[in-house]
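Hi,

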Amino acid sequence: MRLTRKAQLIVGEYLQPGGLAVDATTGNGHDTLFLAQGLGSTGRVFAFDIQARALATTRARLEAAGLDTQVQLIHRSHEKLLESLPPETHGGIQAVMFNLGYLPGSDKTTITRRDSSLAALQQATRIVSPQGIISVLAYRGHPGGQEESQAIQTAMEGLAGTQWHLSVFESPGPVLLVLAPRPHD
Ligand SMILES: C[S@@+](CC[C@H](N)C(=O)[O-])C[C@H]1O[C@@H](n2cnc3c(N)ncnc32)[C@H](O)[C@@H]1O
């Protein structure tokens, strides 16, 4: 199974109708659509990308599915995650999905970067609900990808502890990193 699909299957377990979610790297909108479907018409998705082209593709995808009204497309870096979300949503987000790297089909010059991805991850931990989940799909084949992936994994290992459990799903290509609430007895 592709790790993009695995990420959706895992995250889907945490989506409740009417809930809130973040797509931190909207791209072509596959995960944004998935989150919108999972939360239903009363839910709300905040979807970030620094490329207008990505957001336009995503808007068209959402409109075709009739799910555009519950998604807020945000043309900003995910480094601005915390300040871009209404304060009343902080601590109430059910899922934050990251799919790092470059926009498929693009010239690969606009990519996620280690430092901004790390900043966004830290902010994700501040907006996610105690019952929520953070998933990161990290690619290692492009310049800077290995360093970004390693830094994110190290940061997520540091975050895992009493509150969260880290699951790592390896593949010859990307790695999927998932921080989910640690089950209590
Ligand atoms: C691998 S693609 C995401 C694919 C997407 N999840 C989908 O389902 O189609 C990565 C995206 O991250 C975006 N990106 C790069 N740097 C970013 C940043 N600092 N903040 C938000 N998005 C960024 C790129 O423009 C690109 O569209």
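A polar contact here is a pair of N or O atoms within 3.5 Å. Please keep in mind that this is a predicted model.

Let's start with the ligand. A polar backbone atom of threonine 25 lies 3.2 Å from one of the ligand's nitrogen atoms. Side chains take part as well: glutamine 51 has a polar side-chain atom 2.8 Å from an oxygen atom of the ligand, and asparagine 99 places a polar side-chain atom 3.3 Å from a ligand nitrogen atom. On its own the ligand would expose 610 Å², and the protein buries 96% of that.

Where does the ligand sit? The space it takes is the largest pocket. Around the ligand there are 20 residues, of which Asn28, Asp49, Gln51, Ser77 and His78 come nearest. Sorted by class, this shell has six nonpolar, twelve polar and two charged residues.

Which elements supply at least two residues each of its lining? They are helix H1 (3-12), strand E4 (93-99) and strand E5 (128-138). Among the lining residues are Thr4, Ala7, Met97, Phe98, Ser135 and Val136. Asn99 is also one of the residues that line this cavity, and a polar side-chain atom of asparagine 99 is the one found 3.3 Å from a ligand nitrogen atom.

Enjoy exploring it!

Best wishes

Notes. Residues are numbered from 1 along each chain as its sequence is written. This is a predicted model: local features need pLDDT of at least 70, side-chain atom pairs count only at pLDDT 80 or more; totals for chains, interfaces and linings use all residues. Side-chain values use heavy atoms; hydrogens and water are left out. On a 1 Å grid over the protein atoms alone, a cavity is a set of points where a 1.4 Å probe fits but cannot get out, and a pocket is an open set with protein on both sides within 12 Å along at least five of seven lines; lining residues have an atom within 4 Å of a point. Helices (H or I, at least four residues) and strands (E, at least two) are DSSP runs, numbered from the N terminus. A residue is near a molecule or strand if one of its heavy atoms lies within 4 Å of it. A polar contact is a pair of N or O atoms within 3.5 Å; within protein, one must be able to donate a hydrogen and the other to accept it, and residues adjacent in sequence count only if both atoms are side-chain atoms. Accessible areas come from the Shrake-Rupley method with a 1.4 Å probe; for residues, only the protein chains shown count as cover. A molecule sits in a cavity or pocket if more than half of its atoms lie within 2 Å of its grid points. Ala, Val, Leu, Ile, Met, Phe, Trp, Tyr, Cys and Pro count as nonpolar, Asp, Glu, Lys and Arg as charged, and the others, Gly among them, as polar.
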